Amino acid sequence: MTETFTGGCQCGRVRYVLTLENRNAYLCHCRMCQRATGGVAAAFVNMRKEQRRWLSEPDWYASSPIAQRPFCSRCGTPLGFEYPDAERCDVTLGSVDDPDDFIPTSHFGAEAIHETWLDTRALDRMRCDEYPSLVERWKKAEK
Ligand SMILES: [Zn+2]
Ligand SMILES: [Zn+2]
């Protein structure tokens, strides 16, 4: 059984289709991924490269002598990670159109985990649509 997922960058220039056997994902906490995504960690879905089909080609950045990362040069969205000579690759979970129901299965880059960010469930929560100034900005922008 496989499932098909679509995704892409924020502006829509780069699009892809993934064909996956499961909804496993993981967090990479390494400093390279922190810098490449600007996040405290990168959530990735790992797959064989032939399971990822680009509908429109991404740009590529050599993030180190051993790795390259697809991204969109128009909007800047980080789209993944791979070793050029490897069979497998990673796609950023946040770039999947419907990232619900993926299951975090492991932590990688454990040496750089920001421990205090691992369990934030107890923090106060606010929805975007409950934040008056944001709602107001969207109203004005949509006029
Ligand atoms: Zn884009
Ligand atoms: Zn990493």
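I started with the largest nonpolar core, which has 21 residues, the ones with the most contacts inside it being Leu-27, Cys-28, Ala-41, Ala-42, Ala-43, Phe-44 and Leu-79. By nonpolar core I mean a set of buried Ala, Val, Leu, Ile, Met, Phe, Trp, Tyr and Cys residues joined through C-beta atoms within 7 Å. Two or more residues of this core come from each of β3 (24-28), α1 (31-37), β4 (42-48) and β9 (88-92). β4 gives the largest share, five residues. Helices (H or I, at least four residues) and strands (E, at least two) are DSSP runs, numbered from the N terminus.

Note on the source: this is a predicted model, where local features need pLDDT of at least 70, side-chain atom pairs count only at pLDDT 80 or more, and totals for chains, interfaces and linings use all residues. Residues are numbered from 1 along each chain as its sequence is written, while chains are lettered from A and ligands numbered from 1 in the order in which they are written.

Next I looked up Leu-27. Beyond its neighbours within four places in sequence, I found Leu-27 in contact (C-beta atoms, placed from the backbone, within 7 Å) with Ala-41, Ala-42, Ala-43, Pro-104 and His-107.

Then Tyr-26, in strand β3. Tyr-26 is buried because 21 C-beta neighbours lie inside 10 Å; the cut-offs are 20 or more other C-beta atoms within 10 Å for buried, 12 or fewer for exposed, and partly exposed in between, with C-beta atoms placed from the backbone. Leaving out residues up to four places away, Tyr-26 touches Phe-44, Asn-46, Pro-104, Thr-105, Ser-106, His-107 and Phe-108.

Last, I checked Asp-101, in the loop between β9 and β10 (103-108). Its phi is near 70°, positive in a residue other than glycine. Asp-101 is exposed, with 7 other C-beta atoms within 10 Å.

How values were computed
Contact = placed C-beta atoms within 7 Å.
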